[in-house]
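Please look over the structure below. The report covers charge pairing, nonpolar packing and open space.

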Amino acid sequence: QRLRDAAHNACVYGVRDRMEFVCDDFVHFARTYAGPPVDAVFLSPPWGGPGHLDCESFSLRDVGCPDLVALFAAAAALSRRVALYL
């Protein structure tokens, strides 16, 4: 349902012809992708929530699952433009 909603929103904003929606494990997808160059990657993984706000510092390595460092590395291998939304 989420991919259908995202595709619908892309149609509403007139950009559907410039987007491809894929449902896959991202690290697997990034390792096996053989298509045209990727302009940008947007990641918004589950990461533990606002409980980290009470910590003095936060590192991507503090999150055990998913492995945010591996996700970011996979994204950076696909594109120079990576957004990691936490």
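## Salt bridge

This predicted model holds one salt bridge. Asp39 pairs with Arg81, and their closest N and O atoms are 2.7 Å apart. Asp39 sits in the loop between H2 and S1, while Arg81 sits in the loop between H3 and strand S2 (82–84), so the pair ties together parts that are 42 residues apart in sequence.

Are the two partners buried or exposed? Asp39 is exposed, and so is Arg81.

Nonpolar side chains tend to be buried together in soluble globular proteins. Here the largest nonpolar core has 12 residues: Phe26, Val27, Phe29, Ala30, Val41, Leu43, Val63, Leu68, Leu71, Ala74, Ala75 and Leu78.

One set of contacts shows the packing in detail. Leaving aside residues up to four places away in sequence, Ala30 touches Ala74 and Leu78.

## Largest pocket

The largest pocket has a volume of about 1,100 Å³. Its lining counts 23 residues. Glu20, Val22, Phe26, Val41 and Phe42 lie nearest the centre. Phe26 and Val41 also belong to the largest nonpolar core.

Which elements give two or more residues to the lining? They are H2, S1 and H3. S1 gives the most, with three residues. By class, the lining has 18 nonpolar, one polar and four charged residues.

Key: Residues are numbered from 1 along each chain as its sequence is written. This is a predicted model: local features need pLDDT of at least 70, side-chain atom pairs count only at pLDDT 80 or more; totals for chains, interfaces and linings use all residues. Side-chain values use heavy atoms; hydrogens and water are left out. A nonpolar core is a set of buried Ala, Val, Leu, Ile, Met, Phe, Trp, Tyr and Cys residues joined through side-chain atoms within 4.5 Å. Buried means under 20% relative accessible area, exposed over 50%, partly exposed in between (1.4 Å probe, protein chains only). Contact means heavy atoms within 4.5 Å. A salt bridge is a side-chain nitrogen of Lys or Arg within 4 Å of a carboxyl oxygen of Asp or Glu. Helices (H or I, at least four residues) and strands (E, at least two) are DSSP runs, numbered from the N terminus. On a 1 Å grid over the protein atoms alone, a cavity is a set of points where a 1.4 Å probe fits but cannot get out, and a pocket is an open set with protein on both sides within 12 Å along at least five of seven lines; lining residues have an atom within 4 Å of a point. Grid points are joined across faces, edges and corners, and a volume is the space filled by probe spheres set on the points. Ala, Val, Leu, Ile, Met, Phe, Trp, Tyr, Cys and Pro count as nonpolar, Asp, Glu, Lys and Arg as charged, and the others, Gly among them, as polar.
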